[in-house]
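Visitor: I am new to this structure and would like to learn how to read its features. Could you walk me through them?

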Amino acid sequence: MKMEFTLCFVSREAIKEDDDGLLESNVAEIVARAKRKRAALKATGAIQLGMMRHLYVIVDASECMFLQDLKPTRFLCVLKLLEMFVHEFFDLNPISQLGILTTKMKRSEQVTALAGNQKKHIEALQQMKDTPCDGEPSLQNSLERAMNGLKNMPAHSSREVLVLFGSLTTCDPGDIQKTIKSLKENNIRVSIIGLAAEVRICREIAKRTGGTYNVLLDDHHLKELILNQVQPPAVAGSMEASLVKMGFPGGKPSSNDGASDSAADHAPAYCLCHIENETSCLMGNNSGYNCPQCGSRYCELPVECKQCGLTLVSAPHLARSYHHLFPIKPFIERAKVPETTYCFACAKPFDESDLNVYECETCNQIVCLDCDLFIREILHTCPGCASDPITAQMKTN
Amino acid sequence: MLELKHALDAKGHCLLEMPSGTGKTTTLLSLIVAYMKAHPLDLTKLVYCSRTVPEIEKVMEELRKLMNYYEKELGMEQNILGLALSSRKNLCIHPSVSKEREGKVVDGRCYGLTASFVRARHGGDDSVPVCNFYEGFDAHGKEFPLPPGVYNLDDLKEYGQAKGWCPYFLARYTITHANIVVYSYHYLLDPKIAEVVSKEISKSSVVVFDEAHNIDNVCIDSMSVKITKRLLDKCSNSIQILETTISNMKENDNRRLEREYQRLVEGLRDATIARETDMALVNPVLPSEILEEAVPGTIRTAEHFVAFLKRVVEYIKTRLRVQHVVQESPAGFLRDIHTKVCVDRKPLRFTAERLASLIRTLEISDLTDFSPLVTVSHFATLVSTYTKGFTIIIEPFEDRAPTVSNPILYFSCLDSSIAIKPVFNRFQTVVITSGTLSPLDMYPKILDFHPVIMTSFTMTLARPCILPMIVSKGNDQVAMSSRYETREDTAVIRNYGNLLVEVAAAVPDGIVCFFTSYLYLETIVSSWYDQGIIDQLQRHKLLFIETQDAAETSLALINYIKACDNGRGAVLLSVARGKVSEGIDFDHHLGRAVLMFGIPYVYTQSRILRARLEYLRDQFQIRENDFLTFDAMRHAAQCLGRCMRGKTDYGIMVLADKRFSRADKRSKLPKWIQEHLKDTNCNLSTEECVQISKRWLRQMAQPFSREDQLGISLLTLEQLQSEDMQKKIQQRAQAA
């Protein structure tokens, strides 16, 4: 029994209206608050993050994806954003794998299998642009398919599904509740981004499998929502930690290295990632990366070796995933103080619209909401601490 | 709450409109219970009347939560007894009787096991069956009152099962000293039931009628009688049974009949005494003046009375043999019956009482067969008692099938204040509340009472969670309306269809549509089928249709819910004033949108309605049109309110008729809907409507948590006690 019934005394002043007498600004505020909350939530405590991710992206390719409320059409907009997502995803999660499925005509089709090669995915996405969208989607079929692919992945990696769902209905052959149950049993996390409106079954799937469910407001919001999925999720419960074998291909050939056959190493060769294409690039002596285990050559990292299956990464990639493990402490939200008149990070003067400012715990610098989010999501380091010689020194030690 | 307190202080009646899902029940319960604790002398009892059994159960749950809170906060047991009462059918625990499906049969069999003479016979002869549970209750139950607590129907059954007492009689007995009683409003409004159940409820009680937007119709129904030919045939049979029983008894046990005669000579003196000492609720069927008289000599002996009944029944039979519609006043009817079969007004008045007495004397245990006869006797009593506010209409055939002869006599009550008058007179505070009572000023007029408080509350919301829109034209600019002249127009029907298809494509999960009548629903669906609209619709969602068959409808509902639950989405086509529009909630995903096709006016050609309209005009100066609009709009609002069941819920409300945008219709919607109905959202076309809803649905789908509501529509204890809020409350209190 909370004091809920007292609400009849609260007057309507509490609801703010903007100039048109609409309440939208109110909603925008709620969105902003949710944004910050999410960021703060992510940053708290030492959580174990699944750095090795296995993710299936399910793209709705049903009739309703031809609607033009996202420009040029929903489908093209989503594919474009997905390209960006795939790129960012491998950038931030170099040792993860990704696969793409579509669903249309009440069926589900695999576009790419789980693999670590981003080029292939992006190519597939570009080809998909010409495929027609037709019929109704089936959530159950596509989830089952993703589950079959993810079920046998090792226990130390995370299993995830991201659904981009434009339709408001799903046409399923059986009881979807059973599918949800087995998804949960297999520890598969399903996140859904809705393109039209809140569909109850989607919310339920996301809630029960521990994922997120969001509905976009416009294309910018969609981009933000998709890119939110780039961050690795916290590991639920105790996932077993294990050692993963990785290869660090040397960029420059060195004659002293006796590990691999140097003659083959230095000879001009086709790169393996393009070998199937006609436009495969011939690489010279000094470019490309050789797998330290089997010697296959690749033009880009990170990649999974086609010959021996070894994950090939470079040290900067690993360093980039590193910040997931040690996020910066969340900034403290406080009411605006009159003496600080501008944001430390972007030097923008505060005005009435900034109700709250954010303070770093260690360097006590004050930043605005936008910078707070920018620091947290992109920069991953506090400009105040970095510019202060003492704290910066301490950090490197 | 403030308004309610005013009403309680003033010991007057009040009329409150509060949107559903905003804690109406909790507010009422908590304030009244607190008041009861603070002023135990002024206020002794709360009688909470609701509409259906599930609603009763919901109230009990709220009450239980409240009591648990009291217990937690005060750390001791609360000395408050609350219980729910329902029919025997819902409370019976007798192994075989409780298996019966029909309420009437359960009542009859229960009476056959528990009537005093049956039990007396059982005393002499063990083979006569009695109900063990009733025996147990009678032997011990009255000495040990029910311990304080909250008992819903299941709790009562369990308690009864454990103790071996009949839960129904236990509950009825306990009503007299329980603090909170929750039951259906028939127990208070229907004079026949109120007489038995509610007459001992003390004067200093508060009566709450929840979901009371239809209360005038309930009042009218409880006082109206419908007699068909079949019913009269059954009456003749029962009269024959009576005759044979009487002659049997004459041979065996004449003494008992004589004793009855003596009692009748003494008159209904007991009842008079009871009324003088203010013990009982006044029974409107039994007006005060007849209590002072003895039962007239002509019907005092059993044979004479039976002969008298026979004459009455035969007379009604002849009256039913008409070829055209007859409408007459009760006075005209009385004169006619006097000239034709020499039946006076006075004995007619006593028919109901006399019949009850006879059945008691004759020790007839199976009451089920006599219900037609009882109906006729009620009719006789009512027609001779009231000359005003009633009318008699005899129709030789139904409007739908004018060739089939099916004569029906309607004895129709026109004045809803007659049935509810004793309630208003007796109890110090009567609270009438519902989510949709607008326009409020109509109720005091038609129920003939003077409320001290009459308020409509709005919702305080953190986000605009309802989106009412008036759609007046299709994409081709043809006006949409269910007006009689245009309702067959294919362009209008097609536009309605397109509206539904487009809304179905934009709105997730469940959509509920309301039509003005079953007939209209059928014609529209069949022409949609021809136009291919049904096919288009089924590409987006499954389609379910409410029919007049209750079993079919509930099956459709189950599947509708299933389709919404597993994401397929569904559309339910139903009828305003039907079962779906009254008792069933479509919360959250079950009702993301409600479409109202046309204005649900009542069938204006009905003679009963016309008689009532005339009466209202003459007696209360209510214009016909005002009442019709009032009635239509309250039903429309009721339909719209189906999708909104709480603050976290959201829903679209589409009013698809040009006429809704007129001021006289719009201003009759409840305040909480009007508040969100902006001028820009009136007079839309289909396309505009869909665009607005799409954008709105996206906004509503954004994460919405408890924290967002805090400070706006939900207050923590600290916020409540903060100075700002206290000031605001003070201001409100002074302003009121």
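**Pockets, cavities, cores and strands**

Guide: Let us begin with a pocket: helix α30(B) gives the largest share of the lining of the second largest pocket, five residues. Before going on, note that this is a predicted model, where local features need pLDDT of at least 70, side-chain atom pairs count only at pLDDT 80 or more, and totals for chains, interfaces and linings use all residues. Residues are numbered from 1 along each chain as its sequence is written, chains are lettered from A and ligands numbered from 1 in the order in which they are written, and side-chain values use heavy atoms, with hydrogens and water left out.

Visitor: What counts as a pocket, and what is the volume of the second largest pocket?

Guide: On a 1 Å grid over the protein atoms alone, a pocket is an open set of points with protein on both sides within 12 Å along at least five of seven lines, while a cavity is a set of points where a 1.4 Å probe fits but cannot get out; lining residues have an atom within 4 Å of a point. Grid points are joined across faces, edges and corners, and a volume is the space filled by probe spheres set on the points. Here the second largest pocket has a volume of about 2,000 Å³.

Visitor: Which residues lie nearest the centre of the second largest pocket?

Guide: They are R577(B), V602(B), Y603(B), T604(B) and S606(B), out of 48 lining residues. By class, the lining has 20 nonpolar, 13 polar and 15 charged residues. For these classes, Ala, Val, Leu, Ile, Met, Phe, Trp, Tyr, Cys and Pro count as nonpolar, Asp, Glu, Lys and Arg as charged, and the others, Gly among them, as polar. Domain 2 (223-417) and domain 3 (466-699) of chain B each supply at least three residues of this lining; the domain bounds come from an automatic or database domain assignment.

Visitor: What is the phi of R577(B)?

Guide: The general idea is that most residues other than glycine have a negative phi, and most peptide bonds are trans. R577(B) has a positive phi, near 75°, and lies in the loop between β16 (570-575) and α28 (579-583) of chain B. Helices (H or I, at least four residues) and strands (E, at least two) are DSSP runs, numbered from the N terminus. R577(B) is partly exposed, with a relative accessible area of 29%; buried means under 20%, exposed over 50%, and partly exposed in between (1.4 Å probe, protein chains only). K11(B) also has a positive phi, of about 50°, although it is not a glycine. K11(B) sits in the loop between α1 (2-10) and β1 (13-17) of chain B. In chain A, the peptide bond from K71(A) to P72(A) is cis, with omega near -10°.

Visitor: How many cavities of 30 Å³ or more does the structure hold?

Guide: There are nine. The second largest cavity has about 90 Å³ of space. Among its 13 lining residues, C92(B), H94(B), C110(B), C131(B) and C166(B) are the closest to its centre. Helix α5(B) gives the most to this lining, with four residues. The classes are ten nonpolar, two polar and one charged.

Visitor: And how many residues are in the largest nonpolar core?

Guide: In soluble globular proteins, nonpolar side chains tend to be buried together. A nonpolar core is a set of buried Ala, Val, Leu, Ile, Met, Phe, Trp, Tyr and Cys residues joined through side-chain atoms within 4.5 Å. The largest one has 156 residues, and Y183(B), F209(B), L242(B) and I432(B) have the most contacts inside it. Helix α17 (residues 302-320) of chain B supplies ten residues, the largest share of this core. Another core, of 109 residues, lies apart from it and includes A563(B), F597(B), A636(B) and C682(B).

Visitor: Is strand β5 of chain B enclosed or open, and why?

Guide: Five of the five residues of β5 (residues 180-184) of chain B are buried, so this strand is largely enclosed by the rest of the structure. Two strands pair if DSSP finds at least two bridges between them. Strand β2 (residues 45-50) of chain B runs parallel to β5(B), joined by five bridges, and V47(B) stands opposite V181(B). Strand β3 (residues 81-84) of chain B also pairs with β5(B) in the parallel sense, over three bridges.

Visitor: What order do the strands take in the open sheet of chain A?

Guide: The order is β14-β15-β16, with antiparallel pairing. β14 (332-335) and β16 (366-367) of chain A stand at the edges with a single partner strand each, so one side of each is left without a neighbour in the sheet. Between β14(A) and β15 (residues 356-359) of chain A there are four bridges, and I332(A) has E359(A) as its bridge partner.
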